[in-house]
Amino acid sequence: MAAAASTSMAATAVLIHRLPTKTTANCSALPCLPHRFSTLAFSTSLKHLPETRRSSLLQVKASSSDETSAVDANELITELKEKWDAVENKSTVLVYGGGAIVGIWLASTVVGAVNSVPLLPKILELVGLGYTGWFVYRYLLFKSSRKELAEDIEGLKKKIAGTE
């Protein structure tokens, strides 16, 4: 029953259009946009279509939410509390989190300042395209250089993981 109600509501939402508003003759020099067609025009044009075509235009699929598992808010909160209690250096986590937020804000400010300088974004875009071309030529074009890149990545992974 709920699926049928949502289906009819969705079909109704598709059919409802904004009626044209009253326009004045003293418009600006911009060209006027064509009016949207009304529901009346849509319903009369719908009558001329065959039944099978009409039903395919208004077909709406609904899915049941019983199949998906809902996350319980209480379970999520208790899980977060357990993880927070398991952290030994809470002050370090807070400092790193605050530093990350400040770093994102600072990066956003710098990118906005660079973006406002005329021609600089285009120059940086050209530099990025040039570097991408060099990287493709140096590491991706030939089989031996691809092996070298894979070995460098594996070495870097080992160095970061501390297994080297």
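User: Which helix is S145 found in?
Analyst: S145 is in helix 7, residues 143–161. Helices here are DSSP runs of H or I with at least four residues, strands are E runs of at least two, and both are numbered from the N terminus. This is a predicted model: local features need pLDDT of at least 70, side-chain atom pairs count only at pLDDT 80 or more, and totals for chains, interfaces and linings use all residues. Residues are numbered from 1 along each chain as its sequence is written, and side-chain values use heavy atoms, with hydrogens and water left out.

User: Is S145 buried or exposed?
Analyst: S145 is buried, at a relative accessible area of 6%. Buried means under 20%, exposed over 50%, and partly exposed in between, with a 1.4 Å probe and protein chains only.

User: What does the side chain of S145 reach?
Analyst: It reaches the backbone oxygen of F142 at 2.8 Å. The S145 side chain also reaches the backbone oxygen of Y139, at 3.4 Å. A polar contact is a pair of N or O atoms within 3.5 Å; within protein, one must be able to donate a hydrogen and the other to accept it, and residues adjacent in sequence count only if both atoms are side-chain atoms.

User: And which residues does S145 touch?
Analyst: Leaving out residues up to four places away in sequence, S145 touches R138, Y139 and L140. Contact means heavy atoms within 4.5 Å.

User: Tell me about L140. Where does it lie?
Analyst: L140 lies in helix 6. L140 is partly exposed, with a relative accessible area of 37%.

User: At what angle do helix 6 and helix 7 pack?
Analyst: About 95 degrees, with the axes 7 Å apart; helix 6 spans residues 120–140. So helix 6 is roughly perpendicular to helix 7. The axes are lines fitted to C-alpha atoms, for helices over the stretch in contact, and angles run from 0 to 180 degrees between N-to-C directions. Under 35 degrees counts as roughly parallel, over 145 as roughly antiparallel, 65 to 115 as roughly perpendicular, and the rest as oblique.

User: Which residues make that contact?
Analyst: Helix 6 gives F135, R138, Y139 and L140, and helix 7 gives S145, R146, E148, L149 and D152.

User: New topic. Where is L119 found?
Analyst: L119 is in the loop between helix 5 (90–116) and helix 6. L119 counts as exposed, at 64% relative accessibility. L119 has a positive phi of about 70 degrees, although it is not a glycine. Most residues other than glycine have a negative phi.

User: Which residues does the UniProt "transmembrane region" annotation cover?
Analyst: The unreviewed UniProt entry gives 93–113 and 119–137. In the model, residues 93–113 are 100% helix and 0% strand, with end C-alpha atoms 30 Å apart. Residues 119–137 are 95% helix and 0% strand, and their end C-alpha atoms lie 27 Å apart. UniProt positions are in the numbering used here, feature names are shortened, and annotations may be inferred rather than shown by experiment.

User: Last one. How many helices and strands does the protein have?
Analyst: Seven helices and zero strands. Buried residues make up 4% of its 164 residues.
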